[in-house]
Amino acid sequence: MLDDPNDVEQRLTVGIHGTPELKPEEKVLYLGEFRERVLKVLTREQVAERAIYPEIEEALKDSRSTRLLLDGDIKYDHRGKYIQLTHKYNKTYTMVNDPKLKGEIGLAVVSDDAVNIENIYVAE
């Protein structure tokens with residue numbers, strides 16, 4: 001018995017191009033993460049400021065947060081203070097180096113599950 005022609009075509013497409021990615025246009029804005037999993041974000045400019053944003057520290061304290069994502073193009077002098085916070089709260093961090101990234105997001109505190117927080121942006 002032959003497979004459905006649409007099924008065969010779909011299998012060939014997946015074999016050639018890989019599994020289709022969900023919401024790729026969203027993920028390039030939030031350092032590779034789904035918007036619904038983001039607790040708080042900072043722009044690259046905000047990360048470069050001398051002070052640590054208390055909203056980021058609060059987000060890292062949140063039991064739903066699992067890790068911190070940082071844009072790999074940000075200088076260590078600017079991101080180091082946030083890396084230290086991950087150690088303080090026993091969270092992990094990931095440097096994201098992807099030329100496909102768009103937007104101004106430089107840092108994101110994220111969860112492994114959907115948290116659906118309405119306002120994820122920190123005011124300057």
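Biologist: What is I56 in contact with, leaving aside its neighbours within four places in sequence?
Modeller: This is a predicted model. In it, I56 is in contact with K40, L42, Y82, L107, V109 and V122.

Biologist: Which residues of the largest nonpolar core touch the most other members?
Modeller: I56 is one of them.

Biologist: What does the second, separate core include?
Modeller: V38, V41, V110 and I120 are among its 11 residues.

Biologist: New topic. Is L39 buried or exposed?
Modeller: L39 is buried, because its relative accessible area is 3%, and the cut-off for buried is under 20%. L39 is found in strand β1.

Biologist: What does L39 touch, leaving aside neighbours within four places in sequence?
Modeller: Its contacts are A59, D62, S65, V109, V110, S111, V115, I117 and I120.

Biologist: How far is the C-alpha of L39 from that of A114?
Modeller: The two C-alpha atoms are separated by 9.5 Å. Along the chain, L39 and A114 are 75 residues apart.

Biologist: Back to α5. Which of its residues are buried?
Modeller: R79, G80, K81, Y82, I83, L85 and T86. The buried residues of α5 pack against β1, α3 (44-48), α4, β2, β3 (92-96) and β4.

Biologist: How many residues does α5 have, and what follows it?
Modeller: Helix α5 has 13 residues and reaches 18 Å from its first C-alpha to its last. N90 follows α5, with a positive phi near 55°.

Technical notes. Residues numbered from 1 in each chain as written. Predicted model: local features only at pLDDT ≥ 70, side-chain atom pairs only at ≥ 80, totals over all residues. Heavy atoms only, no water. Core = buried A, V, L, I, M, F, W, Y, C linked by side-chain atoms within 4.5 Å. Buried < 20%, exposed > 50% of the residue type's maximum accessible area, 1.4 Å probe, protein only. Contact = heavy atoms within 4.5 Å. Helix = DSSP H or I, 4+ residues; strand = E, 2+ residues; numbered from the N terminus. Expected span 1.5 Å × (residues − 1).
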